[in-house]
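I opened my notebook to get to know a new structure. Here is what I looked up, entry by entry.

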Amino acid sequence: MRVLICGAGIAGLALAQRLATHGAEVTVLEKASGPRASGYMIDFFGPGYDAAEAMGVLPRILQLGYHIDEVAYCDARGRRRTGFRYDRFAKASGGRVTSVMRPDLERALREHVPEQVDLRYGRTISAVDNRPDGVRVTLDDGSDLAGDLLVGCDGVHSVVRALAFASEAWSVRYLGFHTAAFSFFDAAAHAEIGGRFCMTDSLHRAMGFYGLRDGKVAVFAVHPARDSELPHDARLELRRQYGGLGWIAPRALAACPPADELYYDQVAQVVMPSWSRGRVALLGDAAYAVSLLAGQGAALAVAGAYVLGEHLAEAPSMDAALAGYERMLRPVVLDKQATARKAVRWFVPSTRSQLWLRRAAFAAARLPVADRLVAASLVGKPSAVIAELAGGTASRPTTTEPPL
């Protein structure tokens, strides 16, 4: 079986590892000229954590991950107003959670992609010919490639989805927010943050800070926006939106890199009645983005790659494999999308009463029962889809561990 994958992000790399492990011939096409260095912190847990363990990638992810002591909400002078111990959140996930920077997660997955995978940077797809017996794609340089299956792993703004699926077959559900991420050097801020993830206890916009091993401070920001269209100058927009915040925010904005060096995007979900059409399938954010506010997009990308890879390896036909992949994963995705829509009020309160309710909820979370309820509202329902595929043990054969 020959599989073409568009996108060398988390979903694409995870799928390439899974398929190559099962003996498929895999070509991965990535628009960027190389691995991306920018990104944000991810809470990695749930079915993605289980899938990473089954793939043999988890030890490396844990090595690259961070231990967070607390999520703290701080006022304009850096004083803690509310928050919760991170171990409560971890307990709701059965202790199977780590925090990892997105580029580090991609690095771990890339290290586990077998050498025989043809990974091509600086290439993308300009046309798709979806045939009953396979698929042929035209690349941006005019060359052609043929395969038994094309999988779009190219994110919320998927080119594959736009080329291979009718416009009425999918929609992007804009959740009313823009988000950004970057990092900068500030020794004093790094020391103040310590092992915490610090969020501004603010109305209408929120900025978060966490310290990295290289001495940098990573920044995460989210604010409401009427229009999904992105600004012409993202750095200017960040300074306009967050200029009134205190504590570390002014120093972060002063150190913000040029627009082409920072992550900036809309907060949205992808809704599709079907994730495949003929010999073209979608995976990860391209098929079922849950939004940044869900905190589980990366985990669902890895889980989806594992589920799709196992079905392609074991199902009696391509159609059966694609149907099984979607049947198993869709209920999990719908739950996480619903959790994300509910989480908006936690991230960005729009009224004083909502801000007070968040403080009260986290204060109540110190109580034995309430802490489980608050943590569960952030995690969503547990899922055993990976255990079902892995025979309940998450221990299928994997590729050899690369040297660290």
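This is a predicted model: local features need pLDDT of at least 70, side-chain atom pairs count only at pLDDT 80 or more; totals for chains, interfaces and linings use all residues.

I began with the strands. I found an open sheet of 7 strands in the order β5-β4-β13-β14-β15-β12-β16, and the pairing is mixed. Which strands are at the edges? They are β5 (80-85) and β16 (263-271), each of which pairs on one side only. From one strand to the next, the twist averages 20°.

As background I noted that strands of a sheet pair through backbone hydrogen bonds, either parallel or antiparallel. I then looked up one pair as an example. β12 and β15 run antiparallel and are joined by 9 bridges. Within that pair, A181 has F220 in β15 as its bridge partner.

**Entry: helices on the sheet**

Next I asked which strands helix α8 lies across. Helix α8 (residues 234-242) lies across β12, β14 (206-211), β15 and β16, and it runs at about 75° to β15. I also looked at helix α13 (residues 352-364), which packs on the sheet and touches β4 (70-74), β5 and β13 (196-200). The direction of α13 makes about 45° with that of β5.

**Entry: a hairpin**

I turned to another pair of strands, β8 (residues 125-131) and β9 (residues 134-139). They pair in the antiparallel sense over 6 bridges. How many residues join β8 to β9 in the hairpin? The hairpin passes through 2 residues. I wrote down one bridge here too: A127 is partnered by T138 in β9.

**Entry: the second largest pocket**

I looked up the second largest pocket and found a volume of about 350 Å³. It is lined by 20 residues, and the closest to its centre are A37, M101, S183, L212 and K216. What kinds of residues make up the lining? I read off 12 nonpolar, 3 polar and 5 charged.

Then I checked which elements contribute. α5 (102-111), β12 (171-185) and β15 (216-224) each supply at least two residues of this lining. β12 gives the most, with 4 residues. This took me back to my sheet entry, where β12 and β15 are the antiparallel pair.

Is V156 buried or exposed? V156 has 15% relative accessibility, so it counts as buried. I located V156 in the loop between β11 (149-152) and α6 (159-164). Leaving out residues up to four places away in sequence, V156 touches R161, V172, V270, D285, A286 and A289. One of these, V270, is 114 residues from V156 along the chain, yet their C-alpha atoms are separated by 6.8 Å.

I looked at Q337 next, and found it in helix α12 (residues 318-347). Q337 counts as buried because its relative accessibility is 4%. Apart from neighbours within four places in sequence, Q337 is in contact with R173, Q269, V270, Y288, A289 and V290. I noticed V270 and A289 in the contacts of both V156 and Q337.

**Entry: D265**

Beyond residues up to four places away in sequence, D265 touches H157, H178, T179 and L230. I also looked up D265 and R226: they are 39 residues apart in sequence, and 14 Å apart in space from C-alpha to C-alpha.

My last entry is about the backbone. I reminded myself that most residues other than glycine have a negative phi.

H204 is not a glycine, although it has a positive phi of about 70°. I placed H204 in the loop between β13 and β14. H204 has 36% relative accessibility, so it counts as partly exposed.

W247 is not a glycine either, and its positive phi is about 55°. At 13% relative accessibility, W247 counts as buried.

Technical notes. Residues are numbered from 1 along each chain as its sequence is written. Side-chain values use heavy atoms; hydrogens and water are left out. On a 1 Å grid over the protein atoms alone, a cavity is a set of points where a 1.4 Å probe fits but cannot get out, and a pocket is an open set with protein on both sides within 12 Å along at least five of seven lines; lining residues have an atom within 4 Å of a point. Grid points are joined across faces, edges and corners, and a volume is the space filled by probe spheres set on the points. Ala, Val, Leu, Ile, Met, Phe, Trp, Tyr, Cys and Pro count as nonpolar, Asp, Glu, Lys and Arg as charged, and the others, Gly among them, as polar. Buried means under 20% relative accessible area, exposed over 50%, partly exposed in between (1.4 Å probe, protein chains only). Contact means heavy atoms within 4.5 Å. Two strands pair if DSSP finds at least two bridges between them. Axes are lines fitted to C-alpha atoms, for helices over the stretch in contact, and angles run from 0 to 180 degrees between N-to-C directions.
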